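Colleague: I'd like to learn how to read a model like this one. Could you walk me through it?

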Amino acid sequence: MAEVYQEPAREVPVYAECDLLVVGGGAAGHSAAIAAARAGLKNIILLERYGYCGGDVTGGYVIMVPKLSWYNMQYVRGLQEEWFSRLKKVPGAVLGPEGDQVGCEDPALIDSWLSTHDTVSRSTESPQRLVRSVYFEPNQLKIEMDQMLAEHADAIKVIYHTLGVRPIMEDHAVRGVVFESKEGRKAIKAKAVIDATGDGDLYSQTGTPFFNLADEETRSSTTALVWRIGGINWDVYDQWKRAHPDAFQALRGGLQRIAGFRCVPLPTNDNTICWINNWHRDRDCTCIEDQTSTEVSTRTTMRAVLEYLRECVPVAFRNAYLYDIAPQLGCRCSRRLNGEYLMNAGDFAFARRFEDVIAWHSTICQINDCGPVEIPYRAILPRGVEGLLAPGRHMSADAVAIDWLNLIPQCVGTGQAAGVAAAVALEQGTGLHDVDIKRVQDILVEQDVPLPRRDDVDSAYTELAEEKRYGLFTTLARKAAEEAGNPPIGEFVAMGATIEAGETLKSYRQW
């Protein structure tokens with residue numbers, strides 16, 4: 001047995017009491033606090049371990065939010081779109097096809113956006129079209145997120161530099177959280193808690209079931225430390241890539257050889273700056289050794305990678321220099337909730353419908369051509385625990401489906417829904433398991449979230465989804481249907497286990 005130290009019992013002072021405590025100010029937690037305040041809740045506390053909100057978005061430099069639209073409709077709206085409508089007022093802070101351009105198939109316009117990753121649809125089984133994917137300046141978003149919170153100062157108390165470390169449990173209910181800070185160990189009591197830590201730091205201590213890590217072949221089984229390069233010309237680099245496809249492939253291989261892990265330059269909102277995304281395989285972002293290794297090994301190779309780019313593509317990188325390094329680790333997946341509903345590939349392959357739908361999102365999933373998928377409330381609801389919700393990248397999904405659900409839009413969407421649900425439950429005096437989901441959906445629609453099967457949502461969303469068969473025209477979707485015995489699209493059956501065992505996900509992994 002490992003040696004242990006017996007910590008003496010001690011009294012922990014109560015720092016504050018609130019109605020709703022949100023732990024984690026990333027995309028999910030920030031959205032939860034804002035949405036709850038706009039739903040009428042007044043006594044909210046938001047805890048965040050860093051000195052700013054945004055998490056991976058602003059601190060990890062995940063500076064592109066992908067796939068907000070499908071064909072000519074923007075399915076991801078709400079607080080996610082509000083980020084960018086606000087940032088548009090800041091010169092040069094955002095870059096991406098505008099809402100009235102999405103779905104455009106004009107070859108000339110598509111060609112003008114091809115240099116900007118993921119602003120053009122990837123599928124070869126439908127016409128190329130413009131996609132609402134947005135690049136942004138992370139530091140400007142930090143400022144904007146603070147301003148959004150300040151607008152609700154009468155409802156939200158923000159406490160930075162605090163780390164939520166332990167849930168306060170009474171029987172099977174969460175009644176607050178113990179946190180650590182420079183002021184020591186203290187507690188906050190709350191009527192409801194939202195675990196928006198991204199790693200299930202709180203729900204993993206409640207007794208509710210959860211999983212660890214994702215499928216090892218997926219993007220989600222990797223960590224990153226993003227950094228940016230200045231003094232470049234991205235347009236010239238793109239022209240070089242198109243003119244020298246063989247050299248470009250050699251460059252990609254050379255970068256991986258020099259770094260020791262996959263890394264690629266990607267565009268930003270500024271033509272003179274690019275970011276270097278990277279993927280360290282089989283890393284757990286809750287393991288301190290993996291965290292440390294990712295940070296050190298990435299920084300150790302930055303100078304060599306930069307010099308290699310200068311030498312190989314001098315026309316674009318001759319004057320390149322290290323612009324900055326993300327202030328926090330890039331985390332993709334660690335713990336995953338095994339909640340009241342476990343999302344799986346079948347939800348994408350069969351366009352499943354949920355009466356408790358809280359988000360209807362276009363996502364990055366090649367099974368359904370990145371078409372809209374319904375996310376149910378139960379996917380953020382822990383089993384056997386009351387008083388707790390778990391939106392964001394640690395939501396309830398299997399080892400492959402999490403790869404399509406832990407990106408920024410889904411974190412914002414589930415966070416917004418969690419905040420509204422908590423506000424409704426507290427207003428009506430119900431538990432989070434018994435919340436009036438219809439009321440939650442009504443408020444979400446009022447907050448500019450399109451949901452299916454609603455008279456107060458533009459029918460064009462549903463009409464498009466039905467016209468395009470929910471994206472289930474792809475080779476992968478046909479394989480899934482064949483494995484399941486070709487059920488009709490309208491037959492919503494529990495196919496997750498069948499699909500996981502079959503060829504569909506093998507094809508996805510290869511893709």
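**Reading helix packing, ring pairs and confidence**

Modeller: Let's begin with a pair of helices: the axes of helix 1 (residues 27-38) and helix 2 (residues 78-87) cross at roughly 95 degrees and come within 11 Å. Helix 1 is therefore roughly perpendicular to helix 2. Keep in mind that this is a predicted model.

Colleague: Which residues of helix 1 and helix 2 make the contact?

Modeller: Helix 1 contributes Ala-27, Ser-31, Ile-34, Ala-35 and Arg-38, while helix 2 contributes Leu-79, Glu-82, Trp-83 and Arg-86. By class, that contact of helix 1 with helix 2 holds five nonpolar, one polar and three charged residues.

Colleague: How do I read the packing of helix 2 and helix 11?

Modeller: In general, two packed helices are described by the angle between their axes and the distance between the axes. Here, helix 2 and helix 11 have axes 7 Å apart, at an angle of about 120 degrees. Gly-78, Leu-79, Gln-80 and Trp-83 of helix 2 touch Ile-408, Pro-409, Val-412 and Gln-416 of helix 11. Those residues divide into five nonpolar, three polar and no charged.

Colleague: And how does helix 11 pack with helix 12?

Modeller: Helix 11 (residues 408-428) packs with helix 12 (residues 437-446) at about 130 degrees, their axes being 9 Å apart. Helix 11 is therefore oblique to helix 12. The crossing of these two helices is right-handed. On the helix 11 side you will find Gln-416, Ala-417, Val-420, Ala-421, Val-424 and Gln-428, and they meet Arg-439, Val-440, Ile-443 and Leu-444 of helix 12. Sorted by class, the contact has seven nonpolar, two polar and one charged residues.

Colleague: What about aromatic rings: how many aromatic pairs are there?

Modeller: A pair of rings is described by the distance of the centres and the angle of the planes. The count here comes to 13 aromatic pairs. One of them joins Tyr-15 and Phe-179, edge-to-face, with 5.6 Å centre to centre and 90 degrees between the planes. Tyr-15 sits in strand 1 (residues 14-23) and Phe-179 in strand 8 (residues 173-181), so the pair links parts of the chain 164 residues apart.

Colleague: Where is the pLDDT below 50?

Modeller: The protein averages a pLDDT of 92, and 94% of the residues score at least 70. Over residues 489-504, however, the pLDDT is below 50, although this stretch has 32 contacts in the model beyond near neighbours in sequence. Residues 506-511 also stay under 50, with twelve contacts beyond four places in sequence. Where pLDDT is low, the predicted coordinates should not be read in detail.

Definitions and conventions
Residues are numbered from 1 along each chain as its sequence is written. This is a predicted model: local features need pLDDT of at least 70, side-chain atom pairs count only at pLDDT 80 or more; totals for chains, interfaces and linings use all residues. Side-chain values use heavy atoms; hydrogens and water are left out. pLDDT is the predictor's confidence in each residue, from 0 to 100. Contact means heavy atoms within 4.5 Å. Axes are lines fitted to C-alpha atoms, for helices over the stretch in contact, and angles run from 0 to 180 degrees between N-to-C directions. Helices (H or I, at least four residues) and strands (E, at least two) are DSSP runs, numbered from the N terminus. Angles under 35 degrees count as roughly parallel, over 145 as roughly antiparallel, 65 to 115 as roughly perpendicular and the rest as oblique. A crossing is left-handed if the near helix is turned anticlockwise from the far one by less than a right angle, and right-handed if clockwise. Ala, Val, Leu, Ile, Met, Phe, Trp, Tyr, Cys and Pro count as nonpolar, Asp, Glu, Lys and Arg as charged, and the others, Gly among them, as polar. Rings of Phe, Tyr and Trp (its six-membered ring) pair if their centres lie within 6.5 Å; planes under 30 degrees apart count as stacked, over 60 as edge-to-face and the rest as tilted.
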